[in-house]
Amino acid sequence: MVAVALLASACAGGDPDLRIAGDVQAAQPVSGASQIVLAIANDGDGDDTLIEASTDAALGVEMHLTTIEDGRASMGQLDEVDLPAGEVVNFRPGGLHLMLIVPDDTVVEGATFDLTLAFDRSGAMTVPVTVVDLLDLAESTFDDPDEDA
Ligand SMILES: [Cu+2]
């Protein structure tokens with residue numbers, strides 16, 4: 001069985017099977033931006049790629065990666081994010097994250113809005129995002145998204 005599993009992961013020629021693992025949350029906006037916490041699991045045996053995120057509730061949604069260089073954190077924008085077969089990709093503050101650019105006035109604590117994710121192979125998926133206090137968001141980043149799955 002181990003050999004079969006290794007073979008399957010080495011040759012990701014099958015189909016992706018994407019699933020949103022756990023809650024999708026956005027922090028209450030600060031200075032015209034807000035981070036979204038999200039985990040995407042690929043339960044299939046083929047790779048996929050997140051190519052775009054969008055919402056009506058903001059000017060745009062960008063895919064960012066925070067890196068530390070010379071002790072300073074900076075954010076770089078990504079064109080796409082790989083979602084390898086059999087893996088869970090976490091979008092979290094401090095690393096890979098989704099950022100709402102200029103959220104509108106509907107993005108307030110307790111509200112929900114729709115986020116549409118477009119994938120190279122799996123098409124588009126729309127998920128509800130709950131807006132929470134930044135501190136609650138920080139707490140949830142320590143949860144294992146697979147815990148309740
Ligand atoms: Cu960012």
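1. Two residues are in contact if their C-beta atoms, placed from the backbone, lie within 7 Å. With that in hand, look at Leu18: leaving out residues up to four places away in sequence, Leu18 touches Ile40, Asn42, Asp48, Leu83, Phe119, Ser122 and Met125. Please keep in mind as you read that this is a predicted model.

2. **More on Leu18.** Leu18 belongs to strand 1, which covers residues 18-20. Is Leu18 buried or exposed? Leu18 counts as buried because it has 20 C-beta neighbours inside 10 Å, and 20 or more is the cut-off for that class. Ala85 is 67 residues away from Leu18 along the chain, yet the C-alpha atoms of the two are separated by 9.1 Å.

3. The mean pLDDT of the protein is 87, and 84% of its residues reach 70 or more.

4. **Overall layout.** There are two helices and eleven strands in the protein. Along the sequence the pattern is α-β-β-β-β-β-β-β-β-β-β-β-α. The protein has 149 residues, of which 28% count as buried. Among contacts with a separation of 6 or more, 73% come from residues 24 or more positions apart.

5. **Strand 5 and its partners.** Strand 5 (residues 58-69) pairs with strand 9 (residues 96-103) in the antiparallel sense, over seven bridges. Within that pair, Leu65 stands opposite Leu96. Strand 5 also pairs with strand 6 (residues 72-78), again antiparallel and over seven bridges, and here Thr66 stands opposite Met75. Two residues lie between strand 5 and strand 6 in their hairpin, where Asp70 takes a positive phi near 55°.

6. **Strand 4 and its partners.** Which strands pair with strand 4? One is strand 7 (residues 81-83), joined to strand 4 in the antiparallel sense over three bridges. Asp48 stands opposite Leu83 in that strand; both residues are also among the contacts of Leu18. Another is strand 10, which pairs with strand 4 in the antiparallel sense over four bridges.

7. **The nonpolar core.** The largest nonpolar core holds 29 residues. Those with the most contacts inside it are Ala26, Ile36, Leu38, Ile40, Leu98 and Leu100. At least two residues of this core come from each of strand 2 (25-27), strand 3, strand 4 (48-54), strand 5, strand 9, strand 10 (112-119) and strand 11 (123-132). The largest share, six residues, is supplied by strand 3. As background, nonpolar side chains tend to be buried together in soluble globular proteins.

8. **Leu98, a member of that core.** Apart from neighbours within four places in sequence, Leu98 is in contact with Ile36, Leu38, Ala53, Val61, Met63 and Phe91. Ile36 and Leu38 are themselves listed with Leu98 among the core residues that have the most contacts inside it.

9. **Gln35 in strand 3.** Gln35 lies in strand 3 (residues 33-42). Why does Gln35 count as buried? The reason is its 24 C-beta neighbours inside 10 Å. Not counting residues up to four places away in sequence, Gln35 touches Ala27, Pro93, His97 and Met99. The C-alpha atoms of Gln35 and Phe91 are separated by 9.0 Å, though the two are 56 residues apart along the chain.

10. **Two backbone angles to check.** Most residues other than glycine have a negative phi. Ser31 has a positive one, near 50°, and sits in the loop between strand 2 and strand 3. Ser31 is exposed, because it has 5 other C-beta atoms within 10 Å. Val102 also has a positive phi, of about 50°, but Val102 is found in strand 9. With 12 C-beta neighbours inside 10 Å, Val102 counts as exposed, since the exposed class takes in values of 12 or fewer.

Terms used
Residues are numbered from 1 along each chain as its sequence is written. This is a predicted model: local features need pLDDT of at least 70, side-chain atom pairs count only at pLDDT 80 or more; totals for chains, interfaces and linings use all residues. Two strands pair if DSSP finds at least two bridges between them. A nonpolar core is a set of buried Ala, Val, Leu, Ile, Met, Phe, Trp, Tyr and Cys residues joined through C-beta atoms within 7 Å. pLDDT is the predictor's confidence in each residue, from 0 to 100.
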